[in-house]
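Please keep the model open while you go through this note. Each point can be checked against the structure.

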Amino acid sequence: RQVGGVTVQEMQALNYPFFVDIRSDGMDRANPITSQLTAVTLNWASPVKLDETKNAGRQASVLLKSSPQSWLRTRLDVAPDLQTYPDLGFPVEGQQASQPLAVAITGTFDSFFKGKASPLVEAGGAVAEAGAATPTPVAPTSGALDRSPDDARLVVIGSGEFLTDVIFQVSASMTPDRYLNSLQLAQNSVDWALEDTDLLSIRARGTSTRVLDPLEAPQQRMVEFLNYGFALLAVIAIGVLWNLRRKNEKPMTLVGEKR
């Protein structure tokens, strides 16, 4: 906008469907990754579908899911058209339903190179180290792992943008602590994958911001009027107390005053 002939960039909060705001009702409260989180925002998220046949022998859980009012979109234009669609900036396409956005899986995973030659097997391979004049010979690799351990853990999140610096800058400019929830989700996922769950719930209890429940427009107006009313009553009460104190004060006796 123009202010005195100077262009000023201003950021406004809008309802943007591609930034999925997930609250406690869309989280798996039994999993330690999300048990202590209050809210997480996934930016430009895609659904993560679990193949029940391939995961029949594994333990899988949906960590995060969208609300039943969400829908899928295949077009790549992400700029909202508020003139045509003033509510959300985008048309509601297809059937609205809740979509899984992050999953956690525990079990055995077969290697992509199972039954194939290892790509690391190279006869007479060499690696050049920094500052070395000649490459250092590397011993040939005997083979590749066909499968993971029985208790291997995997976390898949349907967003590759929610941990970028640009998203953190935008989030910090709107709310100073909201981005901490995304960092806590990443840290909890690493701890869970490494089986470091003893202190996970304790560490996640007090490090994330507590997000308020969303309010409808009538509720917002009521809270705003209550705030104004409370401030007005507080000013009136201070004025009444000040007048009472002034009336109850005894006049000071001046030095040299005749009685």
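The points below go from the whole chain to single residues.

1. Ground rules. This is a predicted model, in which local features need pLDDT of at least 70 and side-chain atom pairs count only at pLDDT 80 or more, while totals for chains, interfaces and linings use all residues. Residues are numbered from 1 along each chain as its sequence is written, and side-chain values use heavy atoms, with hydrogens and water left out.

2. Overall make-up. The protein chain has four helices and nine strands. Helices here are DSSP runs of H or I with at least four residues, strands are runs of E with at least two, and both are numbered from the N terminus. Along the sequence the pattern reads β-β-β-β-β-β-β-β-β-α-α-α-α.

3. Of the 259 residues in the protein chain, 25% are buried. Buried means under 20% relative accessible area, exposed means over 50%, and partly exposed lies in between (1.4 Å probe, protein chains only). The protein chain exposes about 19000 Å², and carbon and sulfur atoms supply 58% of that area. Areas come from the Shrake-Rupley method with a 1.4 Å probe; for residues, only the protein chains shown count as cover. Take the contacts (heavy atoms within 4.5 Å) with a separation of 6 or more: 71% of them join residues 24 or more positions apart.

4. The three-stranded sheet. Start with the order, β5-β6-β9, in an open sheet with antiparallel pairing. Strands β5 (59-65) and β9 (152-157) are at the edges; each has a single partner strand, so one side of each lacks a neighbour in the sheet. Neighbouring strands are turned by 15° against each other on average, direction ignored. Strand β6 (residues 100-107) pairs with β9 over six bridges, in the antiparallel sense. Pairing requires at least two DSSP bridges between two strands. Val103 stands opposite Val156 in β9. Helix α2 (residues 180-193) packs on this sheet and touches β5, β6 and β9; its direction makes about 160° with that of β9. Axes are lines fitted to C-alpha atoms, for helices over the stretch in contact, and angles run from 0 to 180 degrees between N-to-C directions.

5. Salt bridges. How many salt bridges does the structure hold? There are four. The rule is a side-chain nitrogen of Lys or Arg within 4 Å of a carboxyl oxygen of Asp or Glu. One of them joins Arg23 and Asp21, with the closest N and O atoms 3.0 Å apart. Arg23 counts as buried because its relative accessibility is 18%. Asp21, at 38%, is partly exposed.

6. Asp77 bridges to Arg73 at 2.9 Å between the closest N and O atoms. Arg73 is buried at 18%, whereas Asp77 is partly exposed at 40%. Arg75 and Glu93 meet in a salt bridge of 2.9 Å, N to O. Both lie in the loop between β5 and β6, 18 residues apart. Shared partners join Arg73, Arg75, Asp77 and Glu93 into one network.

7. Two loop residues. Is Ser35 buried or exposed? Ser35 has a relative accessible area of 19%, so it is buried. This residue lies in the loop between β3 (19-23) and β4 (39-43). Ala117 sits in the loop between β6 and β7 (126-127), and at 68% relative accessibility it is exposed.
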